[in-house]
Each structure stands twice: as structure tokens, then as C-alpha cells.
Amino acid sequence: MEKFLINGENDNFEIVVGLEIHAQVNSQAKLFSGSSTKFGSKPNENVSLVDAAMPGMLPVINKHCIKQAVKSGLGLRAKINKFSIFDRKNYFYADLPQGYQISQYSDPIVGEGNVEINFPDGTKKNIGIERLHLEQDAGKSLHDQHPSKSYIDLNRSGVALMEIVSKPDITSPDEAGAFIKKIRSILRFLDTCDGNMEQGSLRCDVNVSVRRDGEPLGTRCEIKNLNSVRFVMMAIVSEAKRQVEEIENGNEIIQETRLFDSDKLETRPMRSKENAHDYRYFPDPDLMPLELTDDFISNIKSSLPLLPDEIRVKLVNDFGLSDYDASVISEEKETSDYFFIATEGRDGKIVSNWLTTELFGSLNKNSLSINNSPIKPKQLGELVGFISDGTISGRIAKDVFAEMFETGSDASLIIEEKGLKQNSNSEDIIKMIDNVINNNQDKVNEYRSGKDKLFGFFVGQVMKDSGGKANPKMVNEILKEKLN
Amino acid sequence: MPIDKDIVAKVSNLARIKINNDQLSTISNELESVIEWIDTLNEVNTDGVDPIANVSGQKLPLREDKVTDGGYSEKILNNAPEKESGFFVVPKVVE
Amino acid sequence: MTEITKKTILEIKEGLKKRDFSTLEVTNSFISASEKNKNLNIYNTFTPEKALESSKISQKRIDRGEERLLDGIPIAIKDLFCTKDILTTASSKILSNFIPSYESTVTQKLWDAGALMLGKVSCDEFAMGSSNETSCFGNVINPWSERNGKNLSPGGSSGGSSSVVSSGSALAATGTDTGGSIRQPVAFCGVTGIKPSYGRCSRWGIVAFASSLDQAGPITKTVSDSALMLNVMSGFDDKDSTSADLDVPDFTQTCNDFKLDKVKIGIPKEYQIDGMSPEIIKLWQQGSEWLKDRGAEIVEVSLPHTKYALPTYYVIAPAEASSNLARYDGVRYGLRNSQDNLDELYAYSRGEGFGYEVQRRILIGTYVLSAGYYDAYYRKAQRVRNLIIQDFQKAFDKVDVLLTPTTPTAAFELGSQLDPISMYMNDVFTVPASLAGLPAMSVPSGLSKDGLPLGLQIIGNQFDENSVLKIAANLEDQARFPFLN
Ligand SMILES: [Mg+2]
Ligand SMILES: [Zn+2]
């Protein structure tokens, strides 16, 4: 791929990006309390005494969240640390009830790993993972309810997050986008995070710096709280352009935390972070260090599902799909789940064709996700089965598909009801062909004298007479025999 | 380690405690003498000694992932100095 | 028949069982005593109606022969334990209007055992202090003051808890001990108290001061009463991750064992410090003699890092406190000083709501954790803490318990100790066991030449409260301490 550069007045600059992804752990209850993680409840409804930091309240850790972090670490091909520590990160903020966030600083649960990102042109790149750690989410401040007040809802306070930190290996907005999509995809396959960016289950902080070719790393700025891949990519470009401009104007880049304004397409310093923070990390004395046994880790390892990269290879090797189709199907968990169910006992290549063309096309047209597909995977499988065994022709199959998509009915029912079953009875077909030949003797002569193109006409006539149901393969064969 | 008024001001800002200017020098003197006293720890050779954070000798207990708490927002808000429609209320925060 | 308020818990239990008196009579006696002692300023919140109400339920159970361990026993609660629907202030202005919707694990266990709540008693603000002078409601007066014609400090931080028992206003009280906050005030007030091993009592629902050090414990007149209270207060709690998942032995078992053959008592030589009063040294020797008389072997041991315990404590405790007290920010509960800007709201609320000593400790704690100092102070102190623990481990390879004075002096006059470090020196003998999480108990063992109570401390190995209680019972038996009430 071509190198991504920001063109300044005088020089071209390359960009260096590192990402911090906050992924909400899939769990019923919070990281250190028994209250619910449910989204969309009434304000302060999913809040326990612990989450509200009432005097004398203490944290007790959720085992499932630890499992989820380990599982994610394994999915990122990362080192699982058998000894990790929960630290307090101390700062005052309206939606941080304890006055500190329980996080992991010196000894995270997951260490270094890597993920492979893929581009449409078939190129790949490895992006290093620095670490993954567990921490509490903060509550939510609403700033638009009152002219001079902020409203605080602690429902999210204490929900488990995995903070995944990349190495600064990313050198273009496209790579950043591909990286986030890949992380999201891996976590969703693992069922450790639902990846829902609109609901804030996945949020990104981006560290951006620029440099002239061959120069050492520049000073970085962190852009916080980006909640879509598009915004991440836009923010990187805006921030990189700002930094290039500053440098070319002879100014130094100050390391600071910034926010992205998606309307103005610019970043600005974050007010609440103006006083550089001194977080005074120290091990939380309410929690002992977390020690994992080999058994605990190997149990999780042995229950890991296939991940997108592995599925892609499997689709190519075992199902004979093209590289492109394989990567389309393996990107989303729902799609690959759909594929594997639909393809049970069927021809994978035909399923893949119907899935990526007909079904995706119809879903798109109706703005539906594959989860809400009116055609369930088993139903698509059945349809493909009828095509493979000659019950219906490909052309009829398209009509059946349309009917299925509209009504949600099974292919077998539609075929039965409308009598669409393909006719493969050779006597019937011979009869129909003889009939056509008899009624079109002039055209038969023309054909026999060299007008090959007329063959299609005879096929069409027979199919028309059969109501489309005659087995086209047989029609072709028998026609050829009779005419030649 | 001398502790001057600037350090006290910085630390009290980190701790979000309003300290009146006329108290700054008393406090900085007191902190300085306490810190000086604490500095006697430097006499102790701690090479190769692990730092101890907790003495309970217990393993970190792990909880099952079940919803067992919450659902009482009125209790949560009961002592709030200012609340509105189920929210805690603070002066507007500008980010 | 002796006056009800002069009795021990065991005697009251006996009397209730034999129908010498009813729970109502007992409760009323302590309510009257509490009212009579109003001048001591012990209670932050007095709840006689609650005690009376519960006394009826206790009486019914006693009548049915189904009495529980503490049925009909009126007790006072340090105002650091959260009590459902009852003001819980930590003696701080910042919590002066806080009413919890929940009950601490330890107090819940006490109510479940039938104990009756007389009220919430004063302490140093957030348990930070050794004189009870940092309470926002003014200091408690040591009940021994009147007899000695001085205005004496009850010690702290559990100054109200010690005074309420010493003055005969309650049969027992809960205390908490972070660096000596049970042991020093009981020594000053001439009563008994034990800080159990760290993890023995749940910390859930107790306003936190320093999480790695805080422990609840009972304050009573006698060792057996403390053992009984501790039986009820102890036990694993799945809501406190640092709570010890261990069976609780019957602590009253060893309190009547007066044979000390094969028992080895360690005398740590480093506890012989400058400025200790000669009468305390004498009492300490006397204590050794008493135990020797019962057959114990006295062994000198060395705890070489003792002199570093206090500075270690004054890094770790303020550091943890600075973080634990960050939640008092005027947003969800407690005092708010309204300002237009949130950071100002925090700073003014905390500036107004916290007293001077608490502010000072938060600032120390913030300083030692801040960028550039963390390794030099906090990590260093954690390493020295390890050495202090190792000292104890080596000593307990040789001996069963350690015998030391509880405090370097008897109770001092209120307002007499002005600079922080000399105040901190009060805890010089109690802090090391706190850092190591060991059980330690103070028994009133004699009087100073001014007629003020002096205590001896027994320190045991981790989770070996029974040895501590056994030696304490022997000291108590020999000392025949003249209780004020
Ligand atoms: Mg970040
Ligand atoms: Zn984070």
C-alpha cells in the first residue's frame, strides 16, 4: 500500500498513531459489584452502594470478567500474566464517585500480543498490542439538561472495561480503522464485548504524532472518547494536519489531551484535563493481587472459538471459497455463524454465493442486519439443497428466494404450494421437445442449415411450455440430440 | 526535602482541599517536619525486599457473575445535596 | 447486689437468666448512666428508644429460653460503623448529615446476637487522632478526669468507645484500630480492648481510614467480655475481599486457663524507648513477673525495625486515607459548599468539611503518592513494612506472644500535645502490630503515681487471638485492676 503522508507547505510528514480501545466486557453484573450492566435503564437504577461509593463500601471482583479478559488476551495472541495488580488511579471527576478508578497500572492481566489487519487489496499488516487491562467504567454526565448544571447518572459506574493499548505501529487512518474493526471483530467472535459503538461499548482514544521522513518520534497528543471508526479516522487527519501546521509555523507540539469536534472537523484541548494530572497510582488496599493458575488459563484456552483469521483460512481450504468471499464472511461473527449453519450438508460455494449476493443485497435494500434476516440460515441451506439436487432450477430459485424473503416461509413450502418443482422426467421433456420441433419445422431447418443461434430459441420455447419447471440441463442435452 | 508554599498549593489542589493563604506557611512547616521524620526510612536497607500492600494472607476472592444488587435509586439519592429527576446534580462541567 | 452498671457482660447474662433483673431494668440502668455522664460528651447520637425497643424482644427470647449470645446487653457503637437509618458521622462535619441506608456487617452481627444499641459514640474525625480532640463535636472527656482533678484526654481514636465503658454507661462498645485506636484509648480509660488479626472482622460498612490497617474490635471491662464480643463480631464476609476465610474459634475458651507452663513470653528489647515513664517500665516488669508466677518462660526478643514502624505508618496510612477520603466530595452525600464551578465545589466542601488533622493527613498522603515521590516514600514504606513483618515472624518462631506496654505515658491533659509528631508518638507501641496485621490486646494493669490507668499490651501471632486472650486473662487476674465503675 502507498505510504500515507500529510503534505505540509514545505515537507511531507508521516503520522504515527497508537490506539487505546475501551471495550465493555460482556457480563451480567459489574466488575466490583452485583448491580446490572444493562443499557438504557432509568437514571441511577443499576447502582449499588458500592458503585455510588457510599462510606464503608468495598469491591469484590467478578470472576467472569477476569475470564473474559483472559479470553480476549488469548484472542489477541498475547501473553497472559499470571500475577496482576489492581491499582487506584486517583482523580476528581463528577462521574467518578470513589474519587479513583480501580484499574491496572504496573501489572496488567494481559501483556504483549499482536493482531493482523487486512486490506481490500489483499495486503496485510501486523499491529502490536502493548497490553490489555481491566478497569471500572465511570458514570455519565449529561451537560445538556440544564443551562448551568450537569446531571450525573451512575448506571455505567463500575461496569467492567478492557482497555486494549496498541503499539504505535499504525501509520495511516485506514490502518487505524482496520485495526479497530479487527479488534471489534475478534472480541465479538470471543463474545467478550458486544462491540456496539453507538451505545459506547467500544470507545477509542487516539494518540497522534507526526514526523518528517526518518526523524525520531514527535510529541503526541491524545484525542479522547471517539465512538465511531469514521470519527477516529477523521480525527487522526485533523489532528495530524494541525500538528504539521504548528511545526511548519515554528511552534512546538505540547503533549495534551484533546477532543474532536466532528462538525468543525478539528480538535481542541480538553478543558477538564488542563491541569496535567498526577494520578497517584497505588495498589488498591481493598484487593489482593490476582493470581491465575495454569488450569484457569488452559480451561479458557481450550474453549476458545475459531477467530476470524482462522475462519478465513478454513473457508478457503475446506470450503473452496475465494479469498475475497472468505474475508467477507469471516469479518462478522453473525455472518460466519449464519454461513456455518446454512452450509451444514450443503455446498459451501453455492451457499456463499447466495449469501453474499442475494441475501446481502436484499438485506441492504431493506436496511436489515443479518440477525433480523427474514430467511434463517437453515432455510437458506434448504433452498441451496433444492438447487443442488435439481429440485428447482437456479432461475426458479430466485423467485423462491424472493418469496422466502418476503414471507419467511420455507423453500419446500413455497415450491410445493406453487408447484415449482423442476420436471426431470425425460419422457415429459422429450414430449415437450417433440412438440416444439413439430410446431417450428421452418426454424428447425434454418438451424440445421447452420443458424446455430436458434438453439436458444428452442430451449426458451421448451422452458416456456413447461412453465420454467423443465430441468434445463436435460432440455439442453435432449434438444441437442434431437436437432443434430 | 523542603516543602514550600508552592508544593502545598499544588498538593492541596490535587487533593481538592481549599486552604487559606494565611495557613499555607504553617502547613508547609508542619508537612516539612513530618516528611523529614519520614525520611528516616532512608536509613533502612531495603534492597531485595518486596513491597507489601496487604497482610491478610488471603487469596483474592472471586464473585459469580450474577445481578444481586442495585435497583434502589431512591436510596442512592437519599443523601444527595442536590438531585433532579433521578440524577445527582453538580455545577455545569465544561469539557 | 452490686449496681447493674458495675457488672460485666457475663454477670448480666447470668442475672438475666436467673431473673435477678429484666432486660428493661438493665437497659434503663445504662440509659440513666449515659444521661448522668452527659458532661463527658461521649455520644454523637443517643438512641435510648432503640435500646428499649430491642430489650423487649430480647426479654421474650430469654423468657422462652431461646436467648442469644448478647441478648439484653446494651452496647455503644463507634460513630465510624454505618448504622441503618441512624446518623453516621465519623465525627466529621463533612458527614454530619449522613444517614446510611445500610448496616455494617459487624453491627448487624451484634444486633443479630441480641445486643441493644444505646447510641453512636464519638471518635477522632475519621479515626485520625490519638486524643479524641479532632472530633467535630468536641472532645470526649476521660471519665478518670474528675477523680484526678484534671481534664484528661480519653485517647483516640476510639475515645468515646473507651469512655462509655469506663464510665459504666455501656457494657461494651465497638472500636476500630488502625494504628492503636482501640488499644491506646482503652489504656487511657482503664478498660480492655482487642484489635484482632487483620481480616478477622469484616470492614464492610465501616467508614474507611486506611484499608490495609483498619480492623474492628470490642472494648469491654474484662477479657472474657471482649472474647464474647469478638465471637460475635468475627467471621468471613464475602462482601470484604480482605476478610479472612477461616473458622472462628471460640475465643472465650482460653480465658479461664491460668496455667502457663510451656508458654513463652517475648519481651521485645526495642520497646524500651527514651522518654518512657519509669512507672510504665516498672509495670512492664511487674507484668513479666505475674506471668512468670503462672509458669511462663520470659524470653528477650529483638524486633530490630521497631523504630521505623511509626514513620512507615505515617506514609502508608495517610496515603491510603488520601484516596479513601476522596469520595467525600459534596456530590452524592454529606456537606456541600455550593460553588459555580465543580472543582471549587470540591475544594470548598472538603476545606470546610474536613478538620485540620484530617486535612493534614490527606495532604501528607497526597504528597507521598505524587509523581516523583511514590518510590521514595510509598514503595519504600511498603518494603520496610515487609521487614517489620519479618521481625515479628522471627520472634514468633521463638515465643508464643509478646508483652509490651500499651502506651509510653498515661492519659495526658486535653490540649497538651500540640505538634503532630509528639502526638503520633502515642502509638509507638501499637503501630508495629497494626502494620503486621497481628492480634493485639490492651489490659488495664495498674495505676500511675497520679492514679491514672496504665495498660499492658499482648501481641500474638497472626490469627492466634486465643493465645493473646489467654495471657491477657492471666494479667487481668493478677492485676486486679480497680475499675472506675
Ligand atoms: Mg486513555
Ligand atoms: Zn482506561
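Trainee: Which side chains does Glu82(B) or Lys149(A) meet in a salt bridge?

Mentor: In this predicted model, the side chains of Glu82(B) and Lys149(A) meet in a salt bridge at 3.1 Å, N to O, where the term asks for a side-chain nitrogen of Lys or Arg within 4 Å of a carboxyl oxygen of Asp or Glu. The count between chain A and chain B is one salt bridge.

Trainee: And how do S10(A) and S3(B) run?

Mentor: S10(A) and S3(B) run antiparallel and are joined by four bridges, strands being DSSP runs (E, at least two residues; helices are H or I, at least four) numbered from the N terminus, and two of them pair if DSSP finds at least two bridges between them. Ile152(A) stands opposite Phe88(B) in S3(B).

Trainee: How many residues are in contact there, chain A with chain B?

Mentor: Chain A has 55 residues in contact with 40 residues of chain B, counting heavy atoms within 4.5 Å.

Trainee: Switching over, what about the contact of chain B and chain C?

Mentor: That contact takes 50 residues from chain B and 67 residues from chain C, and the rule finds four salt bridges across the interface, including Arg16(B) with Asp343(C) at 2.8 Å, N to O.

Definitions and conventions: Residues numbered from 1 in each chain as written. Chains lettered and ligands numbered in written order. Predicted model: local features only at pLDDT ≥ 70, side-chain atom pairs only at ≥ 80, totals over all residues. Heavy atoms only, no water.
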